[in-house]
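Welcome! Take a moment to look over the sequence and the model, then try the exercises that follow.

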Amino acid sequence: MKRLLVGAIALALGAIPATAQSLEDLNIQIHGYATQGFLYTTNNNILTTNSSTGSPDWTDAVVNLTAQPLPKLRVGVQARYFLLGSYSNQFLIDWAAADYKVNEKFGVRFGKVKTPASLFNEILDIDPGYIWSIMPQGVYTLSSRESFLAHYGGVTYGKVNLSKSAGKLNCWTWIGERVIASNDGFLLPSAEKGIVVPNGVNGWMGGAHLAWQLPIPGAKVGATYAYQAPRTGTFNYTTKGLTYTGNMVRSEIKNPDYYGQYESGKFMAAAEWERKATYYEIDTITAGATPFPTLAKIPTDPHMWYAMATYKVTGKLTAGVYDSQWVNRSAALSTSGARFSKDWDISARYDINEFLYVKAEEHFIDGTGLVYDTNMNLGGLKPTTTLTIFKAGVSF
Amino acid sequence: MKKLLYGFLLVATASIFVVQAKAQVIVIANNSVKASDVSKNDLKDVFTGASTSLGGGTVVPILLKGGTANEEFLQAYIGKNDTAYRAGWRNLVFTGQATMPKSLDGDAAVVEFVAHNAGTIGYIGKASAHEGVKVLAIK
């Protein structure tokens with residue numbers, strides 16, 4: 001039923017670009033986009049889809065409503081239907097916020113807001129915004145929409161023009177609460193083990209992002225420091241007729257990120273490095289007659305980076321390549337490839353017109369540390385795979 | 001080797017003038033806009049949503065829906081075609097950072113709108129009538 005509804009929304013989105021500006025006189029705008037992806041892998045099932053036999057289980061449909069009642073005030077909401085394998089099959093609100101821009105140097109946004117961390121976090125889920133079908137998964141994961149993309153709270157932003165020889169500084173700060181629902185991809189690994197977290201997990205978070213536009217045209221460097229407080233959630237686990245209840249705890253995350261980007265005419269290059277050290281722990285409250293197996297702290301300390309480049313071959317065709325790596329430095333060394341994921345990607349995007357585009361992408365993935373789940377790979381994982389993606393999108 | 005390098009620089013410099021010579025557009029603004037000129041970088045910032053201020057005041061960009069003047073303006077001062085340019089604005093809309101600028105049909109409509117709305121800035125063909133607005137020199 002949801003697929004049918006989404007199909008209808010996608011058709012409607014494609015049919016109404018002409019009306020997108022019809023409410024302009026009221027300072028109200030409606031925009032949107034829809035995408036459909038197809039994944040095929042030579043080994044392993046990826047991103048919780050049946051990709052080894054070819055999977056179309058990747059659909060996005062977005063509607064955006066924005067109004068500007070006052071010159072300095074904007075309000076808006078963006079709703080989405082998102083399907084990606086078992087990670088998500090639901091309608092949700094991307095963001096719903098009010099934005100008051102006092103001047104170039106200071107503005108504030110509050111409500112459910114996009115978290116302005118790192119180089120691409122704000123446009124990570126905006127498929128029409130870039131060439132790639134999937135961004136480097138170590139830094140910009142697709143598996144969880146609610147872990148990094150947005151938060152409930154506020155963002156401040158501002159820009160300072162330095163001297164002509166020093167460039168410009170952009171600064172963002174944010175604080176709020178991040179709520180991860182029980183059906184978010186973040187909790188899928190637990191759910192596949194039978195551990196249900198009915199109310200999800202939440203915790204407060206904050207951070208700052210500084211980007212320096214260098215006096216060299218098109219060049220910028222930036223740094224983000226994000227902090228996420230420990231998150232807790234009550235879980236249920238039923239086995240052999242007994243139901244256990246406990247607390248799932250994820251420790252704080254201190255998350256540094258550094259990047260550089262250079263754009264010149266048809267060419268763009270970027271590189272980014274990030275670290276997200278944390279650990280997971282399960283505390284048993286009620287153990288029933290049989291003691292619940294105590295789980296030790298499970299530490300993770302992934303270090304990830306990528307380097308990418310794109311080139312606009314013609315007005316409509318863009319080509320790109322990236323190399324990304326994710327290594328869990330707290331995992332034991334092994335030959336299985338479970339502690340790392342290395343991904344070479346070649347991409348192309350063709351803009352048919354202002355509204356329609358298609359993408360094609362090939363990944364050469366080495367290692368099994370990312371993008372695979374247990375239930376879709378019950379026969380075990382092979383160390384390498386190639387992933388082919390085709391995607392079509394319409395936006396207005 | 002040096003000769004080759006000088007030759008390359010000469011061609012590159014000449015190509016800049018060729019691009020500028022092709023830009024048969026002027027930038028107009030409402031009389032309330034304090035600035036009388038604008039640098040290419042500031043112009044690009046205003047028309048890509050990176051900045052909303054010019055000469056110490058807030059400005060609102062107004063776009064042409066299409067046509068030769070639109071293409072020339074985007075090519076000369078933004079460095080993008082119309083498709084890529086509007087896609088860039090939509091990225092700002094989808095991330096909650098901006099609203100899409102008003103797009104109007106033809107130079108006369110842009111002049112009319114800019115003349116009657118404080119803080120607005122637009123572009124039109126060089127030969128078009130532009131009474132009631134000020135022309136910003138591009139530095």
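**Exercise 1: the interface**

Chain B and chain A together bury about 2300 Å², with 46% of that on carbon and sulfur atoms. Keep in mind that this is a predicted model.

*Task.* Find which three residues supply 29% of the area that chain B buries against chain A.

*Solution.* Begin with the contact as a whole: 25 residues come from chain B and 32 residues from chain A. On the chain B side, B:Arg90, B:Phe94 and B:Thr99 supply that 29%, more than any other three residues.

**Exercise 2: charges and polar pairs**

*Task.* Work out which residue of chain A forms a salt bridge with B:Arg90.

*Solution.* First, the rule finds 2 salt bridges across the interface of chain B and chain A. In one of them, B:Arg90 pairs with A:Glu354. Their closest N and O atoms are 3.6 Å apart, and the cut-off for a salt bridge is 4 Å, so the pair qualifies. Helix 4 of chain B gives the most, with 8 residues. Finally, sort this side of chain B by class: 7 nonpolar, 11 polar and 7 charged residues.

**Exercise 3: the cores**

*Task.* Find how many residues the largest nonpolar core has.

*Solution.* This core has 50 residues, and A:Leu47 and A:Trp58 are among those with the most contacts inside it. Strand 17 of chain A (residues 302-312) provides its largest share, 3 residues. Another core lies apart from it, with 37 residues, including B:Val59 and B:Val110.

How values were computed: Residues are numbered from 1 along each chain as its sequence is written. Chains are lettered from A and ligands numbered from 1 in the order in which they are written. This is a predicted model: local features need pLDDT of at least 70, side-chain atom pairs count only at pLDDT 80 or more; totals for chains, interfaces and linings use all residues. Side-chain values use heavy atoms; hydrogens and water are left out. Contact means heavy atoms within 4.5 Å. Buried area is the accessible area (1.4 Å probe) that two parts lose on being put together, summed over both. A salt bridge is a side-chain nitrogen of Lys or Arg within 4 Å of a carboxyl oxygen of Asp or Glu. Helices (H or I, at least four residues) and strands (E, at least two) are DSSP runs, numbered from the N terminus. Ala, Val, Leu, Ile, Met, Phe, Trp, Tyr, Cys and Pro count as nonpolar, Asp, Glu, Lys and Arg as charged, and the others, Gly among them, as polar. A nonpolar core is a set of buried Ala, Val, Leu, Ile, Met, Phe, Trp, Tyr and Cys residues joined through side-chain atoms within 4.5 Å. Buried means under 20% relative accessible area, exposed over 50%, partly exposed in between (1.4 Å probe, protein chains only).
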